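Hi there,

Here is the structure I promised to pass on.

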Amino acid sequence: MIDKRLNTIQQFFSELNGISIETSFSSDLEFNIVGKIKVPVESTDDCLFFDVKIYPEYPLKRMDTESITFSNSDYLEYGHVMGDGSICRHTSHQTDLKKKIEIDINSLKRWIWKYYLNKDNDKHYEHLILQPKEFKGNHFSFLFTEVDHIFSNQQFGFFEYSKINNGLYHEKIIFNNVIQEFRDSSSKKVTECKWSSAIKQLSNKDLGIYVFLDNPPAKMGKFIISNWEDLEGLVNQNLHNFLYSVQKTNLKLNGKPIPFLIGYRISDKEIHWQVAILEIGKFPIESYKEDKVWKGGFIDEDIVWGITKNCSYDYFFGRGRLTENITKSKILIIGIGAIGSMVAKTLTRCGCTSIDVVDYDIKEPENVCRSEYSFLSGICNKVDDLSNELFLISPFVEVGIINPILFHVDSKIAQGLNSTNTELQKKLLHYDIIIDCSTDNDLLYILSKLELNRLITLSITNNAKDLVCSVEPKSYNWVMNQYENVLENEMENLHNPTGCWSPTFKASYSDINTLVQFAIKHINIKLSDSNKNLRNFVLKTNESDVFSIKLDEF
Amino acid sequence: MDKSLHLDSVIKTHQITKEEQLLNKHKDKNKEVKEALEQKYESNIYSPFNSGSYAKNTAINTKFDFDMVCPFKRNAFGSNGTLKQMYEDVFDFLYEKYKDDANVRKQKVSIGIEFFADEDGDIVKIDVVPGRELNQDQYKDDENLNLYVYYKYGNFDQGSERIKTNVQAQIKNIKDRATKEKDSIRKVIRLLKVWKNTKYNSPAKSFFLELITIKAFDNKDVSGNLWSKLETVLQYIRDEVTGESFTLKDPGNGSNDLIDTLTTTERQTLSDDMKNMLERIEDNDENIKTYFPENSKFLEEEESDNKYENKGNGFYSNPPKNERFG
């Protein structure tokens, strides 16, 4: 079987135009097929040589990586070459062995043309290539954001970090941490990361050390240095003195890891940090006498690089977010049941950073199946539970919990008292967008009379058949008319829980969230374009043939 | 439901005469302002007159004010006097006179006087539009006036010295129609104003809606019951307002094209609003109730028929039909 595959591959390669086989293909101990080929460089007399390794999955992919490699460590200086000399390529899916080999050879030729011959540099920045290593069998990660401070070359000091949840990183434990603030060598605060106040208030803090360099600790511009001696030329004696004194004053902690951040500029506006894990008592430093002066230096030892990640807002939400007209708004969500909690979570995941919530209700286990709450937090205030859920998602969201007297004292009891209504209006004008998911008709009646920046109401009919969304001011009558006269709100078939006096609507998480997401998408499209006007709308579902949703704009 | 019956009720409950007390207060204040201006400017002013929706009989009672045009003589502010001087002088006079009783504001081409709420909570609003005849003593013959543009109005720049208009011609544009047609036009205009008040950010001004309604009557067979007439006008606006060659001439000045008061996207919005409205009412007659709401203040109470209907009443222990979920 293996021989047949080997012969086939050998055959296909030998039929490729211009390619010659330098070392015949053979099978290694792990059933990979290996060989060496010679590829001519187009319009020159040059030829390049590549070791070829074909994994048993080929032509299928191995996880999300190619299952064929072409490598030659002589080409490390060129773009898109990994540390082991393999060429980084992305090719299309193909299940036919012969066609896949042709595709791979063509992509190799494209690499030769683009990066070897033309020496192209990609416009987007590629981080230094490094393979995180274990420290005493564990991995470490440090998450950071941009800061409002310009670090200077050789600036060093302490940084404070907070431990967050541990997890598994493949088979090993990983200790995850967020970097909080940078201090100078005398522990005076220099700057801090731009996390939400919830992240800043995390306890379980510890200290590490950092140095900032003008030049990245790199070899060939793209591989991170691997030995401490390689750092020697980049740092000065002050850092050595600092490292020496840190180790000396922490002797009691011998054997414990301490993170050492090395920062560098990657563009005019951006810096990056890498982290090496040091062991207290075994810092990779030595001291020696030169011209009668004691000096410090790094020793010949491999660096244990950990993992770092720039989690600044633009990266964190880089893959997709809502329009800035929403994300930069101060938002109040009134009522955080099924719809309200879905809206809150969606806005949080989509980049909103200022979300206040108000509800007087208690979360019960039976709420979990169709809202954004979790079972393990038990019975508790919805506002507290949801704010915790939101903090878990975004390190940038500020969640305010508003006193639920908004529902009665501030609004309904104050009804008719002009001055108090103005007070309520003043309070609510603090918000750019108010999303009322309370389904409280009385409250809607009151809110509709106020002049607010933007009031959006969301509610559904039984079985999540329709979603009614008012976005225009003074929409109380419109909403009521939809429910009373226009839509079918089937009230005979409600969910009556055992032992409960109040029946509730029937609909699953999927039923409700399908409509909520549809509505949010529509609102986002309208608000992202100042030429578009957001109007009241109803989403109508139809299940008679295939499921469909129709948006009726008013 | 009978849509025309509903629309009749909308018209009826929005009749300005329903707000008799407020209307009388406007009339009284209007008289007072008119006399004050006549006394102040004596022989330099022709008789101020009402020009707005009240004069055209297209007013509705949920949002109304009085517009008063003050026609000045060409040399009222000296033979070299500017329109700006005219505007500022009238503003200064009205401001000094009413600053303790009202908010006096400079508006696009007018000066707004909004009297503070009286003991009944009523607010009287009068917009004074100063205008100047084109040449000395010419007004009697042609009724043309130049207005001052205080801030940008459509294509007219701020500080523009010349926006010629003929308010009498604007008023006659409706008044001179055959009685039956005039009545229908006025009803449709009032309905469009009721709709406009329900809308957030509706770009079209009342005067625009008046002119486009009249143009629809001129160009389409607007007939049948009230809904049918309204529907034809809505369809006309939907289909025509975005047309590149569509114009809407000011009857007071043929060189003013009111379509220029809307941007291309605003024209599209207006057309879309008409499209949505027609489609939603086609989907379900009941939707007409929120596009064209009755004024609940003057809605005659219907006898409660005490039916076991489950709308907002609550039915046995089930929640009522207007129970929203979420």
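A:Lys363 is buried, because 24 other C-beta atoms lie within 10 Å and 20 or more are enough to count as buried. Bear in mind as you read that this is a predicted model. You will find A:Lys363 in strand S19 of chain A, which covers residues 362–363. Leaving aside its neighbours within four places in sequence, A:Lys363 is in contact with A:Tyr373, A:Ile379, A:Cys380, A:Lys382 and A:Asp385. A:Gly233 is another matter: it sits 130 residues from A:Lys363 along the chain, and the C-alpha atoms of the two are separated by 60 Å.

Now to chain A as a whole. It contains 13 helices and 26 strands. Its radius of gyration is 31 Å, whereas the globule rule gives 24 Å for 554 residues, so chain A is more spread out than a compact globule. If you want to picture the extent, the C-alpha atoms of chain A fill a box of roughly 85 × 70 × 50 Å along the principal axes. Of the 554 residues in chain A, 34% are buried. Among the contacts in chain A with a separation of 6 or more, 59% are between residues 24 or more positions apart.

Next, where do chains A and B touch? The contact takes 34 residues from chain A and 24 residues from chain B. On the chain B side, H10 and helix H11 (288–291) each supply at least two residues. H10(B) gives the most, with 5 residues. By class, the residues that chain B brings to this contact are 12 polar, 8 charged and 4 nonpolar.

H10(B) also has a partner within its own chain. Helix H9 (residues 226–240) of chain B packs against helix H10 (residues 264–283) of chain B at an angle of about 140°, and their axes are 8 Å apart. At that angle, H9(B) and H10(B) are therefore oblique to each other. The crossing in which H9(B) passes H10(B) is left-handed. From H9(B), the contact is made by B:Glu231, B:Leu234, B:Gln235, B:Ile237 and B:Arg238, and from H10(B) by B:Leu270, B:Ser271, B:Met274, B:Lys275, B:Met277 and B:Leu278. Sorted by class, this contact of H9(B) with H10(B) has 6 nonpolar, 3 charged and 2 polar residues.

Best wishes

Technical notes
Residues numbered from 1 in each chain as written. Chains lettered and ligands numbered in written order. Predicted model: local features only at pLDDT ≥ 70, side-chain atom pairs only at ≥ 80, totals over all residues. Helix = DSSP H or I, 4+ residues; strand = E, 2+ residues; numbered from the N terminus. Rg over C-alpha atoms; globule rule 2.2 N^0.38 Å. Buried ≥ 20, exposed ≤ 12 C-beta atoms within 10 Å, placed from the backbone. Contact = placed C-beta atoms within 7 Å. Axes fitted to C-alpha atoms, helices over the stretch in contact; angles between N-to-C directions. Parallel < 35°, antiparallel > 145°, perpendicular 65-115°, else oblique. Left-handed = near helix turned anticlockwise from the far one by under 90°. Nonpolar A, V, L, I, M, F, W, Y, C, P; charged D, E, K, R; others polar.
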